[in-house]
Every structure is written in C-alpha cells, then in structure tokens.
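Colleague: Hi! I'm new to this one, could you walk me through it?
Modeller: Happy to, let's bring it up and go through it together.

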Amino acid sequence: MNQSRGAAKAKDGDDDGQSEEADGERRLDDDATVDLKAERAEYDIDGVLERLDRELVGLVPVKARVQEIASLLVVDRLRRRFQLESTPPNLHMCFTGSPGTGKTTVALRMAELLHQIGYIRRNKVVSVTRDDLVGEYIGHTAPKTREVLKRAMGGVLFIDEAYYLYRVENERDYGQETIEILLQAMERDREDLVVILAGYADRMDTFFKSNPGMSSRIAHHIDFPDYDADELLAIGKLMLSEQGYLFSEEAEEVFVAYLERRRQQANFANARSVRNALERARLRHADRLMSAASSQVTKTDLMRIEADDIRKSRVFDFADSDNETDSESETESDSETKG
Ligand SMILES: Nc1ncnc2c1ncn2[C@@H]1O[C@H](COP(=O)(O)OP(=O)(O)OP(=O)(O)O)[C@@H](O)[C@H]1O
Ligand SMILES: [Mg+2]
C-alpha cells in the first residue's frame, strides 16, 4: 500500500476509463467496470495460493483464511482506485498451534502474498523470540526492540512464542517495555509493518487476557490444528517426493507404525518430527547402500527408502519409554527470509 495510499492527484482521464496517478496506481472512473479475475491474475494471487496448497498438506481452514485475506486486499485496492476512502485493513495476526504445524511456513507465504499485492514493501519475514527483543539490564530493552523493528519495517515481524514477553510473576520484567514499544509500532506503523504473533493457543489466550492492548490490535486469529495420522503420512510422502525419494510398500507400512509411536511421545512436533525422521531414514538408507555386499546400485536403489531404514529407529527400541529426539531440530529464531 505504500506505493499507493497517498492522495496522489489524478492526471487527465483517458478513454478507457482509467487515468494514471502520480504514484503509478491507475485511478478508475466512477462508471468503470473491473474484472476481479483479471485483478487477481495481475497480482498472481493464485500463484501464491497454489504454492501454499502444493507445499502444505491439509490445513484447509488456514488456507481458507489466507484466501479471505487475499480477497480483502484485492477489494481494498480496487476501492481505492475508485477513490473510495477507507482505513487500510489491519493485518496484524496471531497464529496458534502446536510445534511443527506450519505456522512459520504460512507466515512466509503470507508475506509473499502481502508483498505481491503491494501491501508491504519487502517480501521479508524477520523471525524473533523474546531473547531478540528483551534486554538484560535497564536501558537495554528499548534499543534492542527498536533495532528489530527497524529490520522488520516494510515487511513482516514474526514473534514466536510471543507470550514469553510477558511474565505474570514479575511486573517489572523488561518484557513489558518491549510490549509497549510493539504496541506503539503496531498502531503507528500499521501501514508499513505486519506483526504476526505465534505460539500455543492456551498460553496465547492467557497472554491476551493480561495484555488487552495487544489483543485489540490483532485482527486475524488463525488456528493451526495438529495433524492426524493420515495427514502426517501424506506430509512424509510429500517431503520424500520433493527430495526425489519414495517409500517401498513395506517401508510405508512401517512408517505408519513409526508415526503411531512417535505421536505418543511428549516432544512430538508434528510435521517437523516427520521431517527429522525422514532425515534420519535418509542417513540409514545411504549407510545401508554403502555397506551392502554388492556395490552395484540402480537409480531406484538410490531413491527407495526400505522398511529397515525406518525400523532401525530408536522409536521401535522400547515399548513406550525412551523418547526419540528430533536431533537436528531447526532453530528458526532470528532467521530472515528474503524474497
Ligand atoms: N501441512 C504441511 N504439509 C507439508 N509440510 C509441512 C506441513 N506443515 C509443516 N510442514 C513442514 O514441517 C516443518 C515445520 O513447519 P513450520 O516450521 O512451518 O512449523 P511451525 O508451526 O512454525 O513450528 P514451530 O512451532 O516449531 O516453529 C517445515 O519443514 C514445513 O515445511
Ligand atoms: Mg515456526
């Protein structure tokens, strides 16, 4: 919206009912008719939505919300071209759900969408946690928070586990200072910054109850449900095919059994655990090929994960005690994704 929110004066009208504004947005005459499909195509909204659909299994309600937000933005943009005044939509959001349910991935797609449609200047997500925002001594917090805001400006600021900013037991916690600075920025820089808070639903609820100012600035609450067994399998197969691997028939059955067990464990992290399990299966697959009696391999051998590659997981070692750890769990704090 930055390129277009201004009250730029229209130049002389031309014959097709459109005229060029100083900032490049085409103004529409009152009696013009616009094709919404063509508008969507112009911003390649369907491209982003298709990618979201292709990349992520399930999440139907989440995808529907993203679609709604896209529609809102197209309509808002069109209204402005007809000189219909309205306040720009509030797009600060809250993504709730367990670990590994796709929150970060959807935030990246959301940024892409907002950028494509011109709502934000940069296709960029600055992802942070409490430690990136809150300082350790007096006078440390404000500059830290402002620095993060500066980096995020023009794009999306994604705050993971946002509730850690507020400590009920300690009113003088520096997190409160961060919250206040964020609140100001969310109001003042509304047109140049989209804030997405993420975390577990119940803790986020408690956080909003203690911070009504924050709650009132969030317009969109999107819930990411845990994946069921079928979805987890579908996610695993999608991840494999993206990397040029596939399960043998038996391996798929063993993977279903693996998921069944893995899901019971306390540190289970939905799709993230699936990704990590497959990374380890890939290691075992390579190791199996290397230590096989025959050194001859085919393309299929290089692609196919066999039952043993899964069965050797520690998840199968004990009935239900030992926990598998997602050893190479990705840390995403403070990672920046540029488009
Ligand atoms: N529905 C899905 N289909 C396919 N892959 C998925 C799906 N959901 C998540 N993933 C994959 O799982 C991994 C974790 O997802 P992501 O980081 O988006 O989850 P998250 O909710 O942000 O997790 P956390 O709370 O741990 O940060 C990513 O590699 C992502 O691509
Ligand atoms: Mg995440």
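Colleague: Let me start with a pair of helices. Are helix 2 and helix 4 roughly parallel or antiparallel to each other?
Modeller: Bear in mind that this is a predicted model. Helix 2, residues 45-55, packs against helix 4 at an angle of about 170 degrees. Angles over 145 count as roughly antiparallel, so helix 2 and helix 4 are roughly antiparallel to each other.

Colleague: And how many Å apart are their axes?
Modeller: The axes of helix 2 and helix 4 are 9 Å apart.

Colleague: Which residues meet there?
Modeller: From helix 2 you have Ile45, Val48, Arg51, Leu52 and Glu55. They meet Thr105, Arg109, Glu112, Leu113 and Gln116 in helix 4. Sorted by class, that contact has four nonpolar, two polar and four charged residues.

Colleague: Thanks! Let's zoom out. How many helices and strands are in the protein?
Modeller: The protein has 14 helices and ten strands. It has 339 residues, and 32% of them count as buried.

Colleague: What share of the contacts comes from residues 24 or more positions apart?
Modeller: Looking at contacts with a separation of 6 or more, 74% are between residues 24 or more positions apart.

Colleague: Now the ligand. Which residues come nearest to ligand 1?
Modeller: There are 20 residues around ligand 1, and the nearest are Pro99, Gly102, Lys103, Thr104 and Ala271. The elements giving two or more residues to this shell are helix 4 (103-116), helix 10 (229-242) and helix 12 (270-290).

Colleague: What about the classes in that shell?
Modeller: The shell around ligand 1 has eight nonpolar, seven polar and five charged residues.

Colleague: And which domains does the shell draw on?
Modeller: Domain 1 (43-224) and domain 2 (229-335) each supply at least three residues to the shell around ligand 1.

Colleague: You mentioned Thr104. Is Thr104 buried or exposed?
Modeller: Thr104 lies in helix 4. It has 20 other C-beta atoms within 10 Å, so Thr104 is buried. The C-alpha atoms of Thr104 and Ile159 are 10.0 Å apart, while the two residues are 55 residues apart along the chain.

Colleague: Switching topic: which residues other than glycine have a positive phi?
Modeller: Glu161 is one of them, with phi near 50 degrees. Asn270 is another, with a positive phi of about 45 degrees.

Colleague: Where do they sit, then?
Modeller: Glu161 is in the loop between strand 5 (156-160) and helix 7 (175-188). Asn270 is found in helix 12.

Colleague: Which residues is Leu165 in contact with?
Modeller: Setting aside neighbours within four places in sequence, Leu165 is in contact with Arg130, Leu133, Val134, Gly175, Thr178 and Ile179. Take Val134: it is 31 residues from Leu165 along the chain, and their C-alpha atoms are separated by 7.7 Å.

Colleague: One more from me: where does Arg261 lie?
Modeller: Arg261 lies in helix 11, residues 249-262. Arg261 is partly exposed because it has 16 other C-beta atoms within 10 Å.

Colleague: And how many residues apart are Arg261 and Val315 in sequence?
Modeller: Arg261 and Val315 are 54 residues apart in sequence, with 6.8 Å between their C-alpha atoms in space.

Note on methods. Residues numbered from 1 in each chain as written. Chains lettered and ligands numbered in written order. Predicted model: local features only at pLDDT ≥ 70, side-chain atom pairs only at ≥ 80, totals over all residues. Near = placed C-beta within 6 Å. Helix = DSSP H or I, 4+ residues; strand = E, 2+ residues; numbered from the N terminus. Nonpolar A, V, L, I, M, F, W, Y, C, P; charged D, E, K, R; others polar. Domains from an automatic or database assignment. Axes fitted to C-alpha atoms, helices over the stretch in contact; angles between N-to-C directions. Parallel < 35°, antiparallel > 145°, perpendicular 65-115°, else oblique. Contact = placed C-beta atoms within 7 Å. Buried ≥ 20, exposed ≤ 12 C-beta atoms within 10 Å, placed from the backbone.
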